Amino acid sequence: MKKAIVIGGGFCGCVVTEMLSKKGFEVTVVEAGDCIGGGCRTFFYHGHPYTIGPRHILVDVDEMYTWEYMERFVEMRELQHHSLTYVSQDDRFYTYPIHMDDIQSMPDKDTIEAELDNRGDVSQSKDFEEYWVNSVGQTLYNKFVNTYSKKMWGVKNNKEIDDFGFSPKGVALKSGDKVSFEGSKVIGYPTNIEAFNPFFDACVQNATVIYNTPVQKIDVDKKRVLAGDQWLDADLIVSTISPDIVFDYCHGELRYIGRHFMKLILPCERVTPEPYYFLYYAGDEPYTRVVEYKLLTGYESPNTLLGIEIPTFDNKMYPYPVKADIAKAKKYLEMFPDGVHSLGRMGKYNYDNMHVVIRDCFKLMENI
Ligand SMILES: Cc1cc2nc3c(=O)[nH]c(=O)nc-3n(C[C@H](O)[C@H](O)[C@H](O)COP(=O)(O)OP(=O)(O)OC[C@H]3O[C@@H](n4cnc5c(N)ncnc54)[C@H](O)[C@@H]3O)c2cc1C
């Protein structure tokens, strides 16, 4: 039986383990923490289920096979994705992405409309700031994006962000349907209270999982991985950890920003008005986003749990959308030899969501 080692038992590590097991590999997963599922694992706080940030699945309509893949393991419920942004200078929540209808109720609507009439050429934008100012004008940029982006990425100047195609989530300024966030996507969450956890368990049921073992060393040429104090040999390795670790930081460290996470229970059934289930904070509040989990999880209680995300450099969650960092990651990714693959959000050094991870794992299987 051919042997595979999967490094990292997060969402990607679990999906790839399931697929490799089905292909007949004997799979060993080496996981730094004491559980599988990574950022998408559901934990419980006094009975309330939560994840670190929202972790709903958003599937492009032409990629429903990724949704169907999930449904083989857990029943999924379709959701509408809606979000609001708090703009402190107006003391108002507005829908996000910025909506043309909301502009009418803004105190500075005349200035905004004049700026919208005189927008620059978006296609000539050289950085994130220019992209936004050219898309929506200076005033809307200042309200919704300027400070938010600086705290999201821990930067002093948004001009540092020069790989920004994803930033406005494809839509800078919306009109028409007011609340739907991602028009061409199907959005959902597992119906069971443990969300994706049963899926993770099913993925590794035929594999060996080594917990509490952060991998620091991989010999990519000999295809072996140092797990604790023992070298494990394999015919195939899939790494989902940051590629700079794999090559001992030979091109320098890759930058990430992470999140501190605070939980807050409030004595009421719901705080955010339906259909919203998370709120962005665009001003100089220390947090970027507050999630109210009940609408996602379906949990019933007289109280409600909020999860508050505060940017930090203490852990690694978001790779940087900066060309220099992406170029450095590319150098690392080019060093992977045949039979050693780097996948997942850190593995690819890319802002990948869950459906992209599933897509990538399917693609990898085509060549194995
Ligand atoms: C705050 C936040 C919110 C998100 N919300 C959504 C969302 O709503 N919808 C969506 O589709 N996507 C969302 N994502 C993205 C989604 O979580 C990722 O696509 C997915 O988790 C990627 O899976 P992964 O296995 O690559 O990473 P992870 O799930 O993060 O797993 C990485 C695993 O590797 C382990 N590990 C790390 N270092 C080592 C090491 N040295 N040795 C061994 N193991 C190691 C970790 O312990 C972890 O288990 C969100 C991401 C973040 C950060």
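This is a predicted model: local features need pLDDT of at least 70, side-chain atom pairs count only at pLDDT 80 or more; totals for chains, interfaces and linings use all residues.
The shell as a whole has 36 residues. The closest are Gly-8, Gly-10, Gly-38, Gly-53 and Gly-344. Helix H11 covers 344-347. Three other elements supply at least two residues each: helix H1 (11-22), strand E5 (57-60) and helix H12 (354-366).

Now step back to the whole protein. It has 12 helices and 22 strands. The C-alpha trace spans about 70 × 50 × 35 Å along its principal axes. A compact globule with 368 residues would have a radius of gyration near 21 Å, and the protein has 22 Å, so the two agree. Of the 368 residues, 40% count as buried. Look at contacts with a separation of 6 or more: 72% of them join residues 24 or more positions apart.

Next, a sheet. Five strands form an open sheet with parallel pairing. Read the order as E12-E2-E1-E16-E22. Which strands stand at the edges? They are E12 (208-210) and E22 (340-342). Each has a single partner strand, so one side of each is left without a neighbour in the sheet. Neighbouring strands here are turned by 15° against each other on average, ignoring direction.

Look inside that sheet. Strand E1, residues 3-7, pairs with strand E2, residues 26-30, in the parallel sense. The pairing runs over five bridges. In one of them, Val-6 has Val-29 in E2 as its partner. Helix H1 packs on this sheet. H1 touches E1, E2 and strand E16 (236-239). The direction of H1 makes about 165° with that of E2. Remember, H1 also supplies at least two residues of the ligand shell.

Last stop: helix H5, residues 128-136. Is H5 mostly covered or mostly open? Mostly covered: seven of its nine residues are buried. They are Phe-128, Glu-129, Tyr-131, Trp-132, Val-133, Ser-135 and Val-136. What covers them? The cover includes strand E9 (98-99), helix H6 (138-153) and strand E10 (173-174). Just after H5 comes Gly-137, with a positive phi of about 90°.

Notes. Residues are numbered from 1 along each chain as its sequence is written. A residue is near a molecule or strand if its C-beta atom, placed from the backbone, lies within 6 Å of it. Helices (H or I, at least four residues) and strands (E, at least two) are DSSP runs, numbered from the N terminus. The radius of gyration is taken over C-alpha atoms; the globule rule is 2.2 Å times the number of residues to the power 0.38. A residue is buried if 20 or more other C-beta atoms lie within 10 Å of its own, exposed if 12 or fewer, and partly exposed in between; C-beta atoms are placed from the backbone. Two residues are in contact if their C-beta atoms, placed from the backbone, lie within 7 Å. Two strands pair if DSSP finds at least two bridges between them. Axes are lines fitted to C-alpha atoms, for helices over the stretch in contact, and angles run from 0 to 180 degrees between N-to-C directions.
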